[in-house]
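Welcome, and thanks for taking a look. Here is a short briefing to read alongside the sequence and the 3D view.

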Amino acid sequence: MSILVYTETDNGKFKKNAFEVASYAKNIADQMGESVTALAINAENADELGTYGVSKVLGISNDSLKGFNAKAYASAIAQAAEMEGSKVIIVSSSADSKYLSGILAARLNAGYVPNVVAAPEGISPFMVKRTAFSNKGFAHTEISSEVKIIGVSNNAFGLVENTTDAVVEPFDPSINDNDFGVKSVEVDKVVGKATIADADIVVSAGRGLKGPENWGMIEELADILGAATACSKPVSDLGWRPHGEHVGQTGKPVASNLYIAIGISGAIQHLAGVSASKTKVVINNDPEAPFFKAADYGIVGDAFEVVPELIEKLKEFKAQNA
Amino acid sequence: MKILVCISNVPDTTSKINFTDDDTKFDTNGVQFVINPNDEFGLTRAMWFKEKQGATVHVATVGDASVEPTIRKALAIGADEGIRINAAPKDGFFVARQLAEIVKNGGYDLIIAGRESIDYNGGMVPGIMASLLDMNFVNTCIDLEVDGTEATAQREIDGGKEKISTSLPLIIGGQKGLVEESDLRIPNMRGIMMARKKALNIVDPIDAPSPTNDKKFERPAAKGPVKLVDAGNVGELVNLLHNEAKAL
Ligand SMILES: Cc1cc2nc3c(=O)[nH]c(=O)nc-3n(C[C@H](O)[C@H](O)[C@H](O)COP(=O)(O)OP(=O)(O)OC[C@H]3O[C@@H](n4cnc5c(N)ncnc54)[C@H](O)[C@@H]3O)c2cc1C
């Protein structure tokens with residue numbers, strides 16, 4: 001028996017969340033006296049996972065699985081779990097992992113708990129802590145099925161090194177045509193830029209920016225910080241920014257280490273989706289803006305003066321700390 | 001085309017979240033329940049199919065009698081028939097099993113669910129249903145066109161979007177983007193009157209497991225006050241983020 005972890009890749013390279021889920025799996029494996037087996041699909045350096053406590057990697061090398069396909073990937077994970085006799089499966093909380101987890105749960109008759117923010121509180125009974133009510137609460141959830149699937153929230157557990165020699169074994173699950181009823185025609189993805197889901201830092205701006213023509217300074221700030229850019233809902237509704245940048249309760253969730261909100265009021269629906277971020281900074285000219293109550297650091301001031309100044313100060317900081 | 005829209009009855013987005021019974025239950029006191037926002041986009045897209053391409057639209061919810069105003073609202077918006085599966089929604093697995101049973105017996109071509117409901121945020125119902133029914137499934141769906149039995153969809157992915165081709169019968173997990181926010185509908189008087197006459201079928205639940213169980217809830221810890229930095233001293237913010245928050 002081993003704990004199985006599904007490790008995501010992007011163009012053959014492991015995503016940061018792959019190392020995070022591996023770290024999480026190692027924590028459970030130690031509590032249960034087991035080892036960690038990872039499933040890696042078309043990964044270039046599968047042995048990298050050893051750094052985070054994985055002792056065996058089932059490496060799939062299969063051209064038909066080059067692009068993500070939820071059903072086919074779920075099928076591969078299910079077959080790996082059955083082969084390894086794994087009763088606990090760890091996945092991330094990325095859009096792709098959430099997509100495949102429901103399919104996987106039905107296939108393995110497993111209880112699935114997404115948005116988990118901490119190592120299990122108990123193994124028997126098996127209890128995990130997760131966010132609920134769009135981050136306005138937490139639930140302590142028991143999983144009673146024999147097979148359990150846990151979706152770990154981004155940045156919730158962090159990376160824990162536990163260097164082990166990872167043995168990489170080829171794995172060739174049977175994938176059939178029926179798995180490809182949904183075909184990817186085209187992927188339109190920004191390359192070379194941090195995404196909201198993966199970024200350590202997210203720079204977000206709202207209607208206070210007045211118009212799309214003013215986003216240059218937001219992008220410059222994000223560039224310096226290696227951050228992803230995001231926006232409030234009205235900004236994407238107005239077409240100032242693409243829909244994919246809308247964060248909040250009905251948009252993308254943000255669980256970054258640092259979230260900088262510029263010209264965003266901090267309505268309850270916005271806060272619900274971003275409050276899982278560790279450190280929150282708000283820049284707003286209205287001292288009564290509700291965001292100040294939810295933030296760790298704040299500047300009451302005009303974004304059009306504060307942001308250029310912040311860019312200058314960050315350039316100086318970078319030069320000194322290079 | 002026969003469409004089923006799965007609707008979750010959730011606390012309104014502005015609801016304050018509290019718990020009762022020693023933090024073991026969600027406190028519904030004073031909470032207004034609404035159609036889950038992700039499902040509302042799906043319902044409106046279903047209305048579009050009905051009006052533009054011809055479709056019959058049913059809505060289904062798992063819940064006790066208290067969810068009926070939400071189903072009536074969907075009927076007032078234009079759905080043809082409502083189905084209430086008479087059971088407390090225990091967990092995502094349980095709900096998906098109940099809905100899958102409705103799909104199995106209803107001969108639907110398209111099943112529209114939300115990406116997730118904004119109360120428990122499980123996001124597993126459409127995927128479990130798709131797997132149980134062995135149907136094609138597109139999650140985080142932001143655009144859907146149907147031509148005969150062929151469908152093209154777009155889904156939101158981390159950092160962009162993906163165009164997909166697939167075929168009916170199909171299940172989607174939908175969200176904002178399926179229709180514009182400005183196209184969402186508020187029931188008018190005529191719709192409300194008509195909804196009263198539409199069928200709201202009450203169905204007994206099937207026996208289904210609920211492998212997860214929320215034992216206890218907790219509210220996030222109270223936050224300390226914000227640390228304000230003078231607008232004339234922006235460098236201090238960089239300093240605090242580096243030395244105190246360790247965020248740079
Ligand atoms: C069902 C539902 C779901 C929703 N989901 C979401 C969601 O997921 N995400 C989301 O963001 N919203 C969501 N909303 C909308 C939400 O209620 C707010 O309307 C929205 O977040 C406000 O966006 P904003 O702060 O950019 O704009 P505003 O409310 O217009 O606030 C702009 C802010 O900018 C400040 N400002 C103006 N000029 C300047 C300046 N020069 N310098 C600095 N500050 C300035 C103002 O003081 C103000 O605080 C939802 C609403 C509903 C009803």
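Thr140(B) sits in strand 9 (residues 136–147) of chain B; helices (H or I, at least four residues) and strands (E, at least two) are DSSP runs, numbered from the N terminus. This is a predicted model, in which local features need pLDDT of at least 70 and side-chain atom pairs count only at pLDDT 80 or more, while totals for chains, interfaces and linings use all residues. Residues are numbered from 1 along each chain as its sequence is written, chains are lettered from A and ligands numbered from 1 in the order in which they are written, and side-chain values use heavy atoms, with hydrogens and water left out.

**Backbone features**

- Thr140(B) is not a glycine, yet its phi is positive, at about 40°.
- With 10% relative accessibility, Thr140(B) counts as buried (buried means under 20% relative accessible area, exposed over 50%, partly exposed in between, with a 1.4 Å probe and protein chains only).
- Asn155(A), also other than glycine, has a positive phi near 60°, and its place is the loop between strand 11 (148–152) and strand 12 (167–170) of chain A.
- Asn155(A) counts as buried because its relative accessibility is 10%.
- Ser124(A) and Pro125(A) are joined by a cis peptide bond with omega about 0°; Pro125(A) lies in the loop between strand 8 (122–123) and strand 9 (126–132) of chain A.
- In chain B, the peptide bond from Leu168(B) to Pro169(B) is cis, with omega near -5°, and Pro169(B) belongs to the loop between strand 11 and strand 12 (170–174).

**Where the two chains meet**

- In total, 84 residues of chain A are in contact with 71 residues of chain B (contact means heavy atoms within 4.5 Å).
- The two chains bury about 6,700 Å² between them, 57% of it on carbon and sulfur atoms; buried area is the accessible area (1.4 Å probe) that two parts lose on being put together, summed over both.
- Of the area that chain A buries against chain B, Tyr99(A), Phe133(A) and Tyr297(A) supply 12%, more than any other three residues.
- The interface of chain A and chain B holds nine salt bridges, where a salt bridge is a side-chain nitrogen of Lys or Arg within 4 Å of a carboxyl oxygen of Asp or Glu.
- One of them joins the side chains of Asp96(A) and Arg155(B), at 3.0 Å from N to O.
- Helix 3 (residues 95–108) of chain A gives the most to the side of chain A that touches chain B, namely nine residues.

**Strands that pair**

- Strand 13 (residues 183–189) of chain A and strand 11 (residues 160–167) of chain B pair in the antiparallel sense over six bridges (two strands pair if DSSP finds at least two bridges between them).
- Within this pairing, Glu162(B) is the bridge partner of Val187(A).
- Strand 18 (residues 297–300) of chain A pairs with strand 17 (residues 279–284) of chain A in the parallel sense, over four bridges, and Val281(A) stands opposite Tyr297(A).
- Strand 18 of chain A also pairs in the parallel sense with strand 15 (residues 227–228) of chain B, over two bridges; here the bridge partner of Tyr297(A) is Lys227(B).

**Salt bridges**

- Over all chains, the whole structure has 32 salt bridges.
- Asp10(A) and Lys189(A) form a salt bridge, their closest N and O atoms 3.5 Å apart; the pair links strand 2 (residues 9–10) to strand 13 of chain A, 179 residues apart.
- Asp237(A) is partly exposed, at 32% relative accessible area, whereas Lys176(B) is buried, at 7%.

**A loop residue in chain B**

- Ile206(B) is found in the loop between strand 13 (200–203) and strand 14 (212–218) of chain B, and it counts as partly exposed because its relative accessibility is 28%.
- Which residues does Ile206(B) contact, leaving aside its neighbours within four places in sequence? They are Phe94(B), Arg97(B), Gln98(B) and Glu101(B).
- Ile206(B) and Ala87(B) lie 119 residues apart in sequence, with 9.3 Å in space from C-alpha to C-alpha.
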